[in-house]
Every structure is written in structure tokens, then in C-alpha cells.
Amino acid sequence: MAERAPLPAGARLSALARSCAFALLQIVITPPFALVALLTFPLPLLTRYRIITQWSRIMVAAATCLCGIRYRVLGREHLPAEPAVILSKHQSAWETLAYQALLPPQSMVLKRELLWIPFFGWGLAMLEPIAIDRGSGLRAMRKLLADGKDRLARGFWVIVFPEGTRVAVGERRPWHPGGAAMALHAHAPVVPIAHNAGRVWRKNAFIKYPGLITVSIGPAIAPTGLNAAEVTARAEAWVEAECARLATETA
């Protein structure tokens with residue numbers, strides 16, 4: 001997948017100004033939302049989720065209004081009726097926010113260090129994500145399987161980024177089979193998702209560029225009769241092929 005073409009100087013300055021406005025809004029509203037999130041502690045998880053994720057919805061709307069980042073979703077008909085495990089490409093921070101607005105209530109698999117970030121991490125903790133200590137090996141896998149089965153049984157979908165970290169546009173990393181193993185353990189379907197968010201909201205970049213993001217949802221994979229490696233391979237093949245197709249779209 002190729003990077004977008006460089007913008008003229010004036011367009012880059014405009015993108016910088018818009019990105020500064022977005023960052024300012026984020027700084028202003030995040031601490032109050034964190035306090036609201038802490039106050040939701042006595043409430044059921046689903047109620048907490050609906051309140052706290054309003055922050056993500058505001059951020060996605062702000063990215064559209066301030067930064068010119070539009071989006072569309074293809075393949076909604078592929079979402080199964082029952083909770084599923086999402087195996088998704090991870091290119092930017094945009095999809096971690098947008099999925100909360102575009103998909104059913106969910107629990108995200110993430111590194112536990114994110115919960116230590118002031119304000120942001122406090123709100124995130126109230127959503128009961130599946131926070132993993134990546135250095136704990138087998139213990140981390142056991143936690144992944146147990147917590148994943150618990151969230152799915154409670155009606156929450158589980159979001160997994162199998163590459164384990166954000167990967168820049170055009171790059172690939174090996175897909176880890178943990179998400180597929182979780183689906184097999186919980187007898188849940190797997191749904192692959194591809195997107196091209198990294199073209200406008202790049203990995204670890206402050207400046208966000210205007211453009212259209214396409215989120216493409218693939219057909220669900222029933223894990224029956226397959227092992228984790230086979231499920232992972234099928235999801236990876238579909239996602240990477242779809243990402244290559246999306247590369248031909250103009251941002």
C-alpha cells in the first residue's frame with residue numbers, strides 16, 4: 001500500500017493548524033471525561049461503556065469536523081448476530097476510537113501500560129479491557145483466553161490487533177494466533193477488518209490529513225474444524241488482500 005502523495009505547503013500548514021485544534025479539544029475534554037468515567041464505577045459494564053465511549057464518538061466527530069477525516073464502512077452485513085472476535089489491521093489511533101462508534105459494544109485487547117496513562121488510562125480501565133502483560137508469556141495467554149471468554153459470554157465483542165502494534169502503511173508484521181485461539185476457546189466467530197486509516201492519521205504522527213477512510217468488514221470465519229493457525233491465516237489473507245485493494249482508492 002503506497003503512502004499518499006505529499007501535499008502542497010499551504011495544505012500542510014492547514015493540516016497542522018487543524019491538528020493543533022484537534023489536540024487542544026482533546027486536552028480540554030479528556031480530564032472531565034476521565035472524572036465522569038471514574039464516577040461510573042458502581043454501574044453495570046454496559047452502562048459504563050455507553051457513557052464513557054461518548055468521548056471516542058466526540059473525537060471521531062472532531063476528526064471529521066476539524067481535520068477533514070471522513071469515513072465509510074463496507075460489509076456491515078457480514079457482522080454476525082452473536083458476539084465475535086474482531087481481527088483487525090492496526091495503522092493508527094483512529095480505528096481504536098472509531099470502532100467504538102461503528103461496532104457493537106466491545107472489549108479491546110491491549111498492553112496493560114496504557115491503563116497507567118493519567119486521565120485517558122483511568123477512563124479506559126473503567127471499560128474493562130483485556131489488559132495483557134506482554135512479557136508474562138504463558139500467563140498472558142491464559143489471561144487472554146479466560147478474559148476473552150468472559151467478555152464474549154457477557155455480550156461484548158473482542159477487538160484484537162494480531163500484529164501486536166501499530167504498523168505503518170505498506171508494512172506488515174507476523175500475525176499472532178492469540179485472537180483466533182480465544183475465538184476457538186469461546187466457540188465464537190472471527191470477523192476480519194481491513195482499513196486504510198494510516199494514510200490520513202499516520203502511525204505516531206501529530207498531523208492528521210484530510211481524506212476518506214474506508215473500513216471494510218470481511219465475511220465471518222466459523223472456527224469449527226479449524227485450529228488457531230488456520231483461522232489466523234484465513235483472516236490475514238483476507239485483510240492483507242483487502243488492504244491492497246484499498247490502496248487504489250484516492251484519499
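Two strands pair if DSSP finds at least two bridges between them, and a strand is a DSSP run of E with at least two residues, numbered from the N terminus, just as a helix is a run of H or I with at least four.

This is a predicted model, where local features need pLDDT of at least 70 and side-chain atom pairs count only at pLDDT 80 or more, while totals for chains, interfaces and linings use all residues. Residues are numbered from 1 along each chain as its sequence is written, and side-chain values use heavy atoms, leaving out hydrogens and water.

**View 1**

**View 2. Strand 2 meets strand 6.**
Strand 2 (residues 85-88) and strand 6 (residues 190-195) pair in the parallel sense over four bridges. Look for I86, whose bridge partner in strand 6 is V191.

**View 3. I86 sits in strand 2 and is buried.**
I86 counts as buried because its relative accessibility is 0% (buried means under 20% relative accessible area, exposed over 50% and partly exposed in between, with a 1.4 Å probe and protein chains only). Leaving aside neighbours within four places in sequence, I86 is in contact (heavy atoms within 4.5 Å) with residues including L103, W157 and V191.

**View 4. I86 and R151 are 65 residues apart along the chain.**
Their C-alpha atoms are separated by 13 Å.
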